[in-house]
Amino acid sequence: VEIIHNDQGNNTTPSCVAFTDHERLIGDAAKNQAATNPENTIFDAKRLIGRKYSEQNVQKDKMLWPFKVVAGTNDKPMIVVKYKGQEKQLCAEEVSSMVLVKMREIAEAFLEKPVKNAVVTVPAYFNDSQRKATMDAGAIAGLNVIRIISEPTAAAIAYGLDKRTNCVGERNIFIFDLGGGTFDVSLLTIKDKVFQVKATAGNTHLGGEDIDNRMVNYFVEEIKRKNKVDISGNPRALRRLRTACERAKRTLSCVVTTKVDVDAIFQGIDFNSSINRARFEEINMELFEECIETVEKCLTDAKMDKSSVHDVVLVGGSSRIPKVQQLLQAFFNGKDLCKSINPDEAVAYGAAVQAALLSKGFKNVPDLVLLDVTPLSLGISITGDRMSVVVPRNTSIPLKKKQGFGTSFDNQSSVGIDVYEGERTRASDNNLLGFFVLSSFPPAPRGHPLDVSFSIDENGILSVSAEEKTTGNRNEITIINDKDRMSAKEIERMIQEAKFYEAEDREFLKKANTKNDLDKCVYKIRNALKKDCIRSLVCSKEKEDICSAINRAADLLDEENEQYDIAVFEACLKELESFLERLESLGIIVK
């Protein structure tokens with residue numbers, strides 16, 4: 001694998017696009033003129049791609065960006081720029097495609113032939129909408145995106161191939177990828193030629209840009225205090241300060257104190273200050289601690305102790321920050337961190353290997369098999385709007401899983417299967433992927449068995465099928481990963497939301513189970529009351545009381561009575577259970 005240098009001689013190209021009265025600039029040229037043209041220099045498009053304008057993160061970022069972002073059709077965020085004297089609106093896919101076009105041109109100049117196919121990497125926590133939007137960006141750039149792979153997985157390929165010759169047996173590799181805009185961690189196991197992802201976690205909204213933002217805010221307050229002026233409304237002053245902060249951040253990785261100087265920053269004021277590493281760490285400690293929490297979550301999901309991790313690999317430019325390395329090393333009980341691969345180039349290296357594996361005509365292609373995971377739980381909706389998980393999140397793909405279910409009512413001859421993804425207890429709080437109906441089977445008592453199977457192939461294509469055993473009737477639905485399944489509700493938000501609403505979920509589950517138990521009681525007692533022996537064993541007054549209790553329970557179970565507290569359902573259940581015990585003692589109902 002060879003990493004190609006760009007037209008400036010650099011191996012990395014900034015994801016930056018600028019518009020002037022005369023031209024469009026991409027990469028280094030765009031970044032170099034950002035201070036003089038902040039309103040028309042776009043960066044961070046990765047944080048907008050596949051999102052909705054109304055999302056909280058977009059609204060928060062909008063306040064920090066010097067360029068203008070407005071709502072387009074279907075709540076799509078649009079970037080407003082002035083180009084050749086005219087106002088233009090661009091979506092994030094268009095901006096990303098411009099960067100991809102630049103990369104294609106660099107590759108074509110080096111290879112001296114056209115480039116049509118590409119493997120594109122995305123943060124592991126990108127949702128389907130973001131992945132689909134990234135593929136669209138590739139299409140706009142005239143590229144056939146043959147595969148989208150996760151950035152930490154690509155980095156693991158780079159590291160694993162480099163070290164595989166010295167490996168004996170199974171090796172657990174932890175990838176810590178802290179880049180400019182996103183943060184991902186992945187735990188992989190490498191054994192012989194198999195690279196298996198065990199678990200992944202991350203934050204699509206945490207990276208070097210957030211560290212820069214905190215530094216900028218710190219110095220804006222300092223300028224207010226020292227010079228009695230507020231530069232927060234001046235995009236040009238903020239852009240120049242941001243450039244100085246980014247430079248200081250990099251410098252603090254190798255020295256303990258550095259100067260932050262910006263001449264004539266605002267109203268002729270020269271800004272001269274300094275920052276030491278301790279203050280820098282204090283400003284950003286919250287972000288650094290969030291990184292370690294994500295590391296812990298990934299290991300918990302993988303059910304692996306940190307002592308079982310053989311190598312901790314640093315990827316992404318922001319992983320060079322000493323405090324990040326110190327906290328990570330402390331978390332892994334003083335284990336040496338692997339810095340042998342270039343953190344800026346590892347992801348591109350792994351993507352190149354994946355591209356070679358998917359293409360024909362390459363010599364010396366490494367022999368490896370890559371097994372990824374599904375980042376969200378998959379399941380179906382069952383009685384009481386509960387989510388029954390069939391495939392837990394972080395399950396290796398390809399996979400096939402079967403689970404048994406039963407019908408909800410007597411004499412049911414068809415059943416609807418609603419397929420969801422997400423981590424919430426209430427099915428409707430998760431994301432509906434699709435639905436289908438299994439029909440034409442003979443009427444039978446409730447609880448009649450059905451088998452539901454989930455299968456996901458190597459390309460992430462999900463198929464769900466249901467089968468009724470007595471007739472062999474079968475139906476299925478295929479959900480393709482390329483479809484825009486999730487609008488703006490990304491995977492990361494769903495898992496985070498599950499934490500915030502944990503108490504609510506527990507309460508809901510308790511109520512749903514109580515209602516289910518109440519429904520079972522009503523069903524059993526109603527069937528018992530139809531038996532001939534009931535007249536001789538139960539007096540008419542007792543029978544009236546039982547019927548009255550059943551009617552109250554039936555009213556409660558009506559969907560219109562959702563507002564009642566769980567205590568009301570529990571009291572009704574207790575009353576019915578006492579009647580149930582009485583009927584069991586008389587031998588009318590068999591336990």
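I am working with a predicted model, where local features need pLDDT of at least 70, side-chain atom pairs count only at pLDDT 80 or more, and totals for chains, interfaces and linings use all residues. Residues are numbered from 1 along each chain as its sequence is written, and side-chain values use heavy atoms, without hydrogens and water.

**Domains.** I looked up the assignment, whose bounds come from an automatic or database source. It gives domain 1 (16-115), domain 2 (155-205 + 296-357), domain 3 (208-283), domain 4 (376-478) and domain 5 (491-586).

**Terms.** On a 1 Å grid over the protein atoms alone, a cavity is a set of points where a 1.4 Å probe fits but cannot get out; a pocket is an open set with protein on both sides within 12 Å along at least five of seven lines; lining residues have an atom within 4 Å of a point. Points join across faces, edges and corners, and a volume is the space filled by probe spheres set on them.

**Second largest pocket.** I read a volume of about 1,200 Å³. Of its 38 lining residues, the closest to the centre are Ile382, Thr383, Gly384, Ser408 and Phe409. Domain 4 and domain 5 both give residues to this lining, so the pocket lies between them.

**Largest cavity.** I found one cavity of 30 Å³ or more. The largest cavity has a volume of about 40 Å³. Its lining is Phe43, Asp44, Arg47, Asp61, Leu64, Trp65, Glu209, Asn213 and Arg242. Where does it lie? Domain 1 and domain 3 both give residues to the lining, so the largest cavity lies between them.
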